[in-house]
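Please read them alongside the coordinates.

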Amino acid sequence: MDLIDQVYQKINEAPLTPKVLLADTYATGNQLLEQLCKRYGAIYNIEVQTLRGIVTARAKLELFRRKISLLEEGQAVWVVRLLMKQVAEEDPDSYITGSMLKPGIVSKVYRAILEMRLGGIHADDVYAEQFTNLDKGNYLKQLLVRYEAYLQEHRQTDEAGLTEYLKQGAGDIVYLAVTPTGWTQVEQRMIDKISGGRLCYFDSEAPFYINENFSMNGFNMFRATGSLAEIREGFRRILSGALALDQTEIIVSNYEQYAPIIYSQAKTLGVTCTFSNGLPLVFCSAGKAAIGILNWIEEDYPVKRLTEMLRHGYISIADVQWSRGAWVHMLEKSGVGWGRERYVALLSPDRMSEEDQEQGAVLYEIMNGLFNGIPEGNEWNPLLLLSWVTDFVQKYVPVQSPDDASVGEALKELNQRYIKSPSEPMPIDLAIKYVKELLSRIRIHVSSTPKPGAIFVSSLHNGGYSGREQTWIAGMDERAWSIAAVQDPLLLDQERIALSLSLETIGERAKKARCERESRLSLIRGEVWLSYSSYDTAEQKIQSPAFEMLQILRLQSKNPSLDFGALEHSLEEPHSVMDILHASDRFVPLDGMDAWAQVLRNADGNSKNGMRSILVTYPALAQGYSAQIHRSGEELSAYDGWLEADPFAILEEPEAGNGISSSTVSVSQLEKYASCGLQYYFYYILKLRPKEITEFDRTRWLQASERGTLLHDVFRRYLEEVTDQGKRPAQHNKTRLDEIVETIIRESALSIPAPSMHVFTKECEEIRRDAEVFYRSEVDKTDQPFLFELELTTHNGEPIEVLLSSGIRIKLKGFVDRVDRIGPHEYRIIDYKTGSTSKYKDSDYFCGGTQLQHALYSLAAEQWLRETGMDPEARVVEAEYSFPTERGRGEYVRRTQNRREEMAVIVAKLLESRNSGIYIPAKDSKICQWCDYQAVCGPHSEWMEMKRNSSMNEDVLSRLLEVEGID
């Protein structure tokens with residue numbers, strides 16, 4: 001007679017007498033009743049209750065009469081933390097100090113307090129000598145005294161204190177329970193008082209591996225190389241079987257590891273599953289948003305976190321005028337990067353361009369609203385932070401599924417439950433840990449009992465009660481199956497024995513848990529599958545099967561002498577994710593991966609070379625393979641950047657008769673093309689832009705471009721002032737330069753906050769030293785600074801048309817940092833560089849076409865001076881790259897402008913080469929180290945070396961190679 005028969009027999013002894021079946025959970029009890037009905041038909045006068053549920057219900061009226069409130073478990077944890085904080089403040093050298101008040105430690109202390117109270121132990125019963133550490137004993141006794149006093153003072157009670165509010169049971173209700181119940185001494189008193197002696201116990205079943213009824217089941221065992229492979233093999237068998245899905249239960253040993261894998265596989269396959277313990281909230285958008293926004297705060301507000309959530313749709317901004325992508329782009333190009341202060345400063349509307357003003361104003365208001373609700377400083381209240389997260393989810397998370405709605409409701413319920421709990425400010429990282437711990441209690445997809453039409457997924461702690469015809473126990477490896485009897489550091493076993501015989505030792509508790517599990521699994525009937533992962537892919541370790549798997553093999557074969565060698569022999573080779581080794585005709589393929597496994601399997605079971613099949617099936621891969629072949633060959637091809645005909649050429653054919661191009665080119669474009677045609681193609685033709693996201697760097701205030709802009713601003717303002725806008729020779733004034741430097745530093749600090757004062761001070765000193773180098777380099781000059789930040793445009797703002805000596809006209813756009821007058825009608829243009837002089841050598845006038853700025857800007861500036869009438873006889877005779885910083889040591893590189901015909905030839909050949917569709921990689925592979933497209937190209941520059949030197953490609957590359965050879 002098994003447990004179901006025992007319960008039914010007891011019910012039939014007095015069918016009209018009301019009965020209460022006491023179970024660990026309502027789900028467990030209801031599943032037992034369903035099995036009863038399935039086996040015997042309808043039953044009457046019986047309901048399912050849990051001990052906590054019935055005790056709370058019976059004590060409710062008396063609690064109300066005495067005006068006592070029940071302290072829930074979650075609230076009691078905060079009470080214990082408050083008391084621990086008080087003890088730590090009164091005694092900084094206490095057993096647990098203030099710095100140790102982490103969620104894990106507080107939870108451990110609370111569990112110890114609760115265990116003692118549920119064991120019937122009061123503060124007066126505790127003595128320090130009962131503990132192996134006197135400090136620990138004194139600490140726990142003091143904490144228990146304060147806890148009892150707190151409950152009395154606030155007219156509250158916890159679960160352990162409900163006994164006195166229960167009345168002696170009366171009537172004829174019979175209470176049923178299965179041993180071992182796992183009740184503590186106080187819980188046993190409670191149920192004895194409620195039942196009034198009408199409590200009936202049922203003996204638990206014999207362990208499943210020696211249970212005669214269990215031995216009548218059909219058994220099937222397999223193993224796999226990892227948990228994913230194990231789940232995939234199980235689904236192959238389930239979907240190939242004759243049973244309906246709602247006749248299958250999957251019991252997993254490690255629920256938190258296996259449930260997400262089952263969920264993802266089932267979702268991909270379109271199979272419905274219900275989960276007894278649900279799934280973590282991060283398996284829905286609202287959960288991802290809640291955890292993501294906490295990570296955003298914890299990591300000092302990196303903009304990358306916000307853009308990721310926006311891009312994936314976890315959060316949204318309720319404004320139909322701009323798309324999700326527009327908000328992502330706005331945040332990415334803002335330069336915010338990180339830091340609360342940077343959001344306020346860099347998103348200010350007055351910093352936005354005119355086209356971004358409207359959208360920027362909306363974003364600014366949104367961010368201000370977010371930050372207004374977040375505390376400032378390092379002391380945060382975790383429950384107020386929980387309230388802020390709840391509000392954030394309600395405002396910015398779109399409800400895309402029932403799970404999103406349930407997370408929103410759960411957050412509101414959680415916030416309401418803890419809003420009156422005692423809490424105090426704490427360090428930000430600790431507050432976030434507490435909130436994350438609270439959020440971890442929210443589960444989605446929870447279905448405690450099986451549902452029609454769905455596979456039921458349960459854990460090793462609550463599975464086996466469904467009564468389904470097919471049960472698959474997954475994860476039966478030795479480590480996951482074992483129950484660890486690890487000592488509790490706060491209440492060691494010898495301390496439990498010294499405190500009270502009513503306190504279970506850890507060993508006794510582990511033994512009871514094992515007995516309960518083995519007894520529960522013995523109720524399984526029908527087809528039973530057993531599987532385990534023979535390899536831990538995370539730790540890269542081989543795993544052994546649980547001993548119980550061997551026991552079942554012995555039970556099945558009726559041979560108790562079998563050992564693990566026999567078990568190994570009985571199992572097939574381990575199944576893999578892409579299972580090629582096993583025959584495919586037994587089970588249906590799950591997906592394309594299984595279909596490919598079938599294609600790649602030879603008749604003998606071994607794998608075959610499937611390159612041909614792959615290339616035929618996937619044209620894109622075939623094209624990639626073709627590209628690889630062509631790139632490794634000697635002849636130049638489209639895969640090397642030779643397009644032959646380029647419909648996207650930036651410069652179109654000149655208009656007939658006037659030689660003027662209808663498009664505009666910048667010097668930087670030409671230099672980039674000469675440096676690397678492929679980089680030019682990605683950037684200017686395909687318009688592929690690297691993400692402009694500022695990365696957080698605790699050691700840096702200004703990015704290189706920001707620092708360059710600041711120094712250019714310093715140089716310009718100073719020279720404009722001391723030359724009266726270029727009208728007179730410079731009247732140098734070091735004091736005035738220092739004042740300008742400090743003014744610009746203050747302005748930059750307002751718009752770009754520094755990560756720390758130390759970093760800010762350090763970089764300010766570097767900027768001041770750069771200004772000192774600039775001053776020393778300028779004070780001895782006799783030439784007169786004349787123009788600053790000269791924009792090369794016509795009077796109506798259009799790009800200037802420059803006539804080269806070859807007769808070619810090009811539209812040119814750009815800025816000249818500075819123009820100096822060095823003699824009658826003679827000028828020098830100057831370009832400031834804030835780096836080093838290593839790239840600019842006297843011997844490299846054009847440097848293979850990569851340094852054209854000095855020559856083209858000289859010609860353009862000369863033409864501008866003449867056409868505007870500023871100096872009709874102007875001649876720009878020199879160009880200078882100036883390095884007026886500490887790094888550049890105040891040096892300069894001057895180029896006499898006497899090679900304009902050669903420049904015209906270079907420009908013409910570069911334009912001809914480009915317009916003929918040649919976009920080959922760089923000659924110098926060193927520049928690839930800093931290229932934004934390195935991930936796309938790989939070592940393409942190195943592959944091209946042979947093709948550059950091959951006579952086969954001489955005609956195609958002649959113009960470009962000729963330019964590359966010019967110094």
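1. In which strand is E789 found? E789 is in strand 20, residues 784–791; strands are DSSP runs of E of at least two residues and helices are runs of H or I of at least four, both numbered from the N terminus. Its phi is near 50°, a positive value in a residue other than glycine. E789 counts as partly exposed because its relative accessibility is 30%; buried means under 20% relative accessible area, exposed over 50%, and partly exposed in between, with a 1.4 Å probe and protein chains only.

2. The model is predicted: local features need pLDDT of at least 70, side-chain atom pairs count only at pLDDT 80 or more, and totals for chains, interfaces and linings use all residues. Residues are numbered from 1 along each chain as its sequence is written, and side-chain values use heavy atoms, with hydrogens and water left out.

3. H445 also has a positive phi, near 60°, and is not glycine. H445 sits in the loop between strand 13 (443–444) and strand 14 (455–459). With a relative accessible area of 30%, H445 is partly exposed.

4. The peptide bond between T179 and P180 is cis, with omega about -5°. P180 belongs to the loop that runs between strand 5 (174–178) and helix 7 (185–195).

5. Helix 15 (residues 382–396) and helix 16 (residues 402–418) have axes that come within 9 Å and cross at roughly 155°. Helix 15 is therefore roughly antiparallel to helix 16 (an angle over 145 degrees). Axes here are lines fitted to C-alpha atoms, for helices over the stretch in contact, and angles run from 0 to 180 degrees between N-to-C directions. Residues in the contact (heavy atoms within 4.5 Å) include L383, L386 and V393 of helix 15 and L411, L414 and Y418 of helix 16.

6. Helix 26 (residues 667–675) packs on helix 32 (residues 900–915) at about 70°, with the axes 11 Å apart. Helix 26 is therefore roughly perpendicular to helix 32 (65 to 115 degrees). L670, Y673 and A674 of helix 26 meet V907, L910, L911, S913 and R914 of helix 32.

7. The largest nonpolar core has 142 residues, and W296, Y343 and L439 have the most contacts inside it. Such a core is a set of buried Ala, Val, Leu, Ile, Met, Phe, Trp, Tyr and Cys residues joined through side-chain atoms within 4.5 Å. A second, separate core has 59 residues, among them I685, L812, A855 and L957.

Note on methods: Angles under 35 degrees count as roughly parallel, over 145 as roughly antiparallel, 65 to 115 as roughly perpendicular and the rest as oblique.
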